[in-house]
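Please keep the sequence and the coordinates open beside the text while reading.

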Amino acid sequence: MISFLLSLAVLFAGYMLYGRFAEHIFAPDDRVTPANEINDGVDCIPLKPWKAYLIQLLNIAGTGPIFGALMGACFGPIVFLWIIFGSILGGAVHDYMCGMISSRHSGASIAQLSGIYLGKVALYLMRGFSVLLLLLTGTVFVTSPAALIARLTPEALNSTFWIIVILVYYLLATILPIDKLIGKLYPVFGIVLIVMAVSIAGGILFLPEYQIPEINFQNLHPNNLPAFPFMFITVACGAISGFHATQSPMIAKCITTEKVGRKVFYGAMITESVIALVWAAAGVAFYGTTQMLNETITDLGQSGTVYEISKTLLGNIGGALAVIGVVICPITSGDTAFRSARLILAEWTGLSQKEIRNRLLLTIPLLGIGAVLTQLDFNVLWRYFSWSNQTLAMISLWASTAYLMKHGKYRYGSLLTALPAVFMSAVSMTYILMADEGFKLPGMIAYPAGILFALACGGFYAFKLTGTLKNEMDSK
């Protein structure tokens, strides 16, 4: 329990201290934001800071910090360390930089920003990669809530029925102005989400039969999966997630001043990490051993595991409230996943999004592909989503590093994003080389290759940094 409480304290301290450091490096000012400069009545609309924060939180807090945290808890309490430091040093910095840089480029997508700072190859790569990730995200966030709702409703209202209902909602959320549906529902959903997290935390803290183990460095995964890189891929949304790079630009279109960026972007990520920490702690405390937790996830699935924990800890009423919160999480990320995909395609094609006809022209094919993907196995989709997610985070961090260097933050400022970028380069490359959905190479090959790839990326950064410093000295 002490480790859990200390972890919460560290996350809060990280927001107050490291968040301010990130803000200092970026140096927000009083320039006009897209919400005020463009204000198109559809995507660029001024929102109050508290509303922008809640929308950002619900955009990024899909099933990742819940399902991913439970699966990550199979490694044991070592997962707490990844959630804490991955978020403070990586994920929150990643979200903040993506949102703030986008704000300075009229709300441009991460694909567009990658093209500006990493070149045309990165532009086309990230366009395709981002849309693919968003489709996978939207699909994952259709199937998981549908399965959970089906458990709470009559048998006739099965998963297929709820998939159709959710897709219809996604259509409306994707094409309507952001303040009409999302802006009105998300504040209410945000309160439910916070109540859910607090309720689960209260259950594992104050019911004497549950004990949260203390942090240790032992890998307790029952299938002997190596913590590196598998834990760092499994727990994505609670620590660092490339999906957030597609969401931050959407809210960057709605903030009215750059000076609220730390609260909206960095703060939302820290809040999501609290949710992930609660569910990781619940997983290891409720089942007692990682073996039991892993077996339950295998037998009941992630949705079933969440339902069992929620109902047992909080009873029927509290359990229903907690499950509603868990349903809200993925749905409020799935809708904005499709919305973000529409915006990227709009950038790509040059289609104006003021006309609803153009919005439908892009949205309907996206939802159609998503409907087809729902027929695939959820676990397979999740694995590909997880790797794509972390690879996008790696690229986004390198694009942020290039931005900082270009804008004079090349001495120590660019290390803010370069260091987590190097780490995620190693994680992403090692995972795809080792994983079953990748090349299935043995660790004796995958580990050195992943490290060499990260060193090569870091070496190129050091080469550019040295060149920049030399030019500065020569100019003097």
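In this predicted model, the largest nonpolar core holds 162 residues, and the members that touch the most other members are Ile 66, Met 97, Tyr 170, Tyr 266 and Trp 279. Helix H13, which runs over residues 290-349, supplies the largest share of this core, with 19 residues. In soluble globular proteins, nonpolar side chains tend to be buried together.

**Contacts within the core**

- Tyr 266, one of the core residues that touch the most other members, is in contact with Gly 14, Tyr 15, Tyr 18, Gly 19 and Ala 22, among others, once its neighbours within four places in sequence are left aside.
- The contacts of Tyr 266 counted in this way also include Ile 88, Ala 92, Val 93 and Tyr 96, together with Gly 261.

**The largest cavity**

- The count of cavities of 30 Å³ or more comes to 1, and the space in the largest cavity is about 40 Å³.
- Its lining is made up of Cys 98, Ile 101, Ile 110, Leu 113, Tyr 117, Ser 396, Ala 399, Ser 400 and Tyr 403.
- Helices H5 (79-103), H6 (110-118) and H15 (378-406) each contribute at least two residues to the lining of the largest cavity, and H15 gives the most, with 4 residues.
- Sorted by class, the lining of the largest cavity consists of 7 nonpolar and 2 polar residues, with no charged residues.

**The second largest pocket**

- H15 provides the largest share of the lining of the second largest pocket, 7 residues, and the lining as a whole divides into 14 nonpolar, 2 polar and 2 charged residues.

- Helix H14 covers residues 356-373, and its 18 residues reach 25 Å from the first C-alpha to the last, which is close to the 26 Å expected at 1.5 Å a residue.
- The buried residues of H14 are Asn 358, Arg 359, Leu 362, Thr 363, Leu 366, Leu 367, Gly 370 and Leu 373.
- Helix H16, at residues 415-434, has its end C-alpha atoms 28 Å apart, in agreement with the 28 Å that its 20 residues should span at 1.5 Å a residue.
- Because 15 of its 20 residues are buried, H16 is largely enclosed by the rest of the structure.

**Backbone features**

- Most residues other than glycine have a negative phi, and most peptide bonds are trans.
- The peptide bond that joins Phe 228 and Pro 229 is cis, with an omega of about 10 degrees, and Pro 229 is found in helix H10, residues 227-234.
- Ala 27, although not a glycine, has a positive phi of about 60 degrees; this residue lies in the loop between helix H1 (2-26) and helix H2 (34-37), where Ala 27 is partly exposed at a relative accessible area of 34%.
- Ser 106, which is not a glycine either, has a positive phi of about 60 degrees; its place is in the loop between H5 and H6, and with 42% relative accessibility Ser 106 counts as partly exposed.

**Pairs separated in sequence**

- Lys 48, placed in the loop between H2 and helix H3 (49-60), is exposed, with a relative accessible area of 56%.
- The C-alpha atoms of Lys 48 and Ile 255 are 7.3 Å apart in space, while the two residues are 207 residues apart in sequence.
- Gly 183 lies in helix H9, residues 182-206, and counts as buried because its relative accessible area is 2%, where buried means under 20%.
- Gly 183 and Asp 95 are 88 residues apart in sequence and 20 Å apart in space, C-alpha to C-alpha.
- With neighbours within four places in sequence left aside, Gly 183 is in contact with Lys 51, Ile 55 and Ile 178.

Notes
Residues are numbered from 1 along each chain as its sequence is written. This is a predicted model: local features need pLDDT of at least 70, side-chain atom pairs count only at pLDDT 80 or more; totals for chains, interfaces and linings use all residues. Side-chain values use heavy atoms; hydrogens and water are left out. On a 1 Å grid over the protein atoms alone, a cavity is a set of points where a 1.4 Å probe fits but cannot get out, and a pocket is an open set with protein on both sides within 12 Å along at least five of seven lines; lining residues have an atom within 4 Å of a point. Grid points are joined across faces, edges and corners, and a volume is the space filled by probe spheres set on the points. Ala, Val, Leu, Ile, Met, Phe, Trp, Tyr, Cys and Pro count as nonpolar, Asp, Glu, Lys and Arg as charged, and the others, Gly among them, as polar. The expected span of a helix is 1.5 Å times one less than its number of residues. Buried means under 20% relative accessible area, exposed over 50%, partly exposed in between (1.4 Å probe, protein chains only). A nonpolar core is a set of buried Ala, Val, Leu, Ile, Met, Phe, Trp, Tyr and Cys residues joined through side-chain atoms within 4.5 Å. Contact means heavy atoms within 4.5 Å.
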